[in-house]
Structures are given as C-alpha cells and as structure tokens.
Amino acid sequence: MTAKLKVGVLGATGMVGQRFVQLLDGHPWFELASVAASPASAGKAYGEAVVGRWSLPGAAPAAAAGLVVRDAANVAAVAAEVDFVFCAVDLPKDEAAALEEAYARAETPVVSNTSAHRWTPDVPMMIPEVNAEHAAVIEAQRRRLGTSRGFVAAKPNCSIQSYVPALHPLKAFGPSRLAVCTYQAVSGAGKTLSSWPEMVDNVIPFIKGEEEKSEQEPLKIWGTLEGGRIVKARAPVITAQCVRVPVSDGHLAAVFVSFERKPTRDEVLAAWRSWSGPPQALKLPSAPTPFLTYFEDEARPQTKLDRDLGHGQGVSMGRLRPDAVFDWRFVALSHNTVRGAAGGAVLTAELLKAQGYLGAK
C-alpha cells in the first residue's frame, strides 16, 4: 500500500480551514500532518485553538485536535513537515500571494482556496471535471519560479461552482450570452446564522467583489493554454448579480443563457446526464458519481435538500425552460464550502496527484 502524502492546512482555524481538516480526516491518500494559522493561534493545540470557533457539525477530528498550530508565516517549519499544503488564509491579497509563492519556492506545492493567484497567467485555476488539462501550465510556472516540484494551483470562486459545471457540457452549442443571479449562503462570508443575526429574515443584495469574479473567472477556466500561460476565452459574455441570503450552506444560481446554435431541451438534458470528467474516469476518492444531477420536480433543487449530493461535491440543476429574452433558463446548486471551497481543492489535489504533479518529498 502506497504511503499517504503528508498535508498541511494554512489558515486551519477559519471556516474553510476547518472544512479542510474535516475532509482530510480518514482520507485514503492524504494525511493531515500540520495545521497553521495566525500568530494568535500558534503554539496552541488545534482543539484548543478552535474552542468556541468550530462551526461544523460534530467536534474537531481527534487526530487534528492534538496537533500544535504552527505560524503560517514560518514557511520553513511547516514545509519541513509536509509534502504539500492547502491554503485558506484570511490575508490581504498581496500578502496571501507572497505567502503562497514562498511555499512554492520552498518546494512545497500549494493548492489554494484564496483568490491571490487566480489571475496569475501560469497558475491553473481548476474545476477538475471542466479544465483538468490546464494542469500542464505548472511546468511553465516551475520554470518561472526555479523549482523542481513547488507550484501553486488555485480553485475558483464558490459563486461559479454551480453554473460553470452546468454550462460546460453545452460548450459544443456555443454559449454566447449568460446572465446569472446567485443566492449565496452565509458560510461564504465565513459566518453562521447564529453569529450573524443581521442576516436572519434578511437579504443583502451586495457581496464585495463577487460579481466581478463571477463574470471573469469562468473565462479563464474556459481559456486555452498558449506559450506557458492560460489565455482567457472571449465568450460567453457574462453579467452577474450576487445576493446574500439567510441560508447556512449552499449557493443557488438562476441562469439565463443564449447559444450560437440553440440546443433542444432533449439535447441539453442528454448532455447533462451523460457528462463526467477525469475525476470520475480516474475514480478519485472525492469524485461524485454522478457529477451532475437534473431534477424533473419543478421545486428542485432546493438548497437544504440537495446541497449534500455526492457528499457535497455534486452539482444539481432544475427548472430548464425556454426564456423570452435568452434561449434557455434554469437553476443550479452547489455546496459552497465543499465543492465551492475546501472540497473542490481536495478534489483538485487528488487530480494533481493522479496526473503526477504531487508526490512525496
């Protein structure tokens, strides 16, 4: 049996960091060997550091609770304990970018949940079922960094994880215009309903930076690898409105789309039902089967009922119908802290390991 890769989590005490810790407990390929956070938590046992802060069901995993929290800024100490790290630090973008690159230069690959390097041209920003081929840009990044094994790979924003997977199987029809409104859970802000009483019985029609990410990040995901960099796609043109709603977990999107060649309803449904990607073909541990689920029930998908499909890694759609302005409209749903954050990063790491980019030091 192959030894597990030793993994660290940077920003381990935050909500996404906690989800990483939870998902890594008992993982068949990866072993949590180091947890790191800010200097305020450094030196404490992880179980002590998250007292009063643990936001997930159940308690912190016992194996993680006894680990001593490292200072994430002490790159050498953390890098000495692990084969690669997941990054979920809550830092200004330039500081997060510098920290991630420091780990990469220390020959410790980084799979990041932050936005710090999403637009770095030689950093792949991946939804594993959609653009697994973008991992090839890592070789160019390593040449730039002067590393033999270190690199940074990113996952995209949680807001796009429902509608990009739904649209990708329809690329053959040439999606040209897309309008989307996302209804996003409070966990996307790192909060719970109990810790954010202002959200109860309320909707906030603004999430800073979210609409720009929702409109632009899909274009890099659908971009092409040219000369050691990823060049973003020119289409579709995307306009987005992002709204915070009083839901604990799960981002729901209302999608309106036009195509160069309008598919029939049967063609759309057939594309969704037949689609799978490299994670499913490779039988990666976290890969959901099926990846996409369509509900004929007009009242589905519902956030509370359906966000946990595929252990939170699946994406679901419903209410496909003609539109008076666009060709088709539908709704789509994903779990924002699993598929949209830590879980998507874990699946990305599994794919990178299967592709040969991650291994033991």
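Which element gives the largest share of the lining of the second largest pocket? That would be α1, with 4 residues; the views below work up to it.

This is a predicted model, so to speak: local features need pLDDT of at least 70, side-chain atom pairs count only at pLDDT 80 or more, and totals for chains, interfaces and linings use all residues. Residues are numbered from 1 along each chain as its sequence is written, and side-chain values use heavy atoms, with hydrogens and water left out.

**View 1. The largest pocket holds about 1,100 Å³ of space.** A pocket here is an open set of points on a 1 Å grid over the protein atoms alone, where a 1.4 Å probe fits, with protein on both sides within 12 Å along at least five of seven lines; lining residues have an atom within 4 Å of a point. Points are joined across faces, edges and corners, and the volume is the space filled by probe spheres set on them. Of its 44 lining residues, Ala 88, Val 89, Asp 90, Leu 91 and Asn 113 sit closest to the centre. Helices α1 (15-24), α5 (93-105), α8 (210-221) and α12 (338-354) each give two or more residues to this lining (helices are DSSP runs of H or I, at least four residues, and strands are runs of E, at least two, numbered from the N terminus). By class, the lining splits into 16 nonpolar, 18 polar and 10 charged; Asp, Glu, Lys and Arg count as charged, Ala, Val, Leu, Ile, Met, Phe, Trp, Tyr, Cys and Pro as nonpolar, and the others, Gly among them, as polar.

**View 2. The second largest pocket has about 310 Å³ of space.** Among its 20 lining residues, Arg 19, Leu 56, Pro 57, Asp 249 and His 335 are closest to the centre. The lining counts 6 nonpolar, 9 polar and 5 charged residues.

**View 3. Pro 57 sits in the loop between α2 (46-49) and α3 (62-65).** Pro 57 counts as exposed because its relative accessibility is 67%, and exposed means over 50% (1.4 Å probe, protein chains only).

**View 4. The largest nonpolar core has 43 residues.** Such a core joins buried (under 20% relative accessible area) Ala, Val, Leu, Ile, Met, Phe, Trp, Tyr and Cys residues through side-chain atoms within 4.5 Å. Phe 20, Phe 84 and Leu 352 are among those with the most contacts inside this core. Its largest share, 8 residues, comes from α12.
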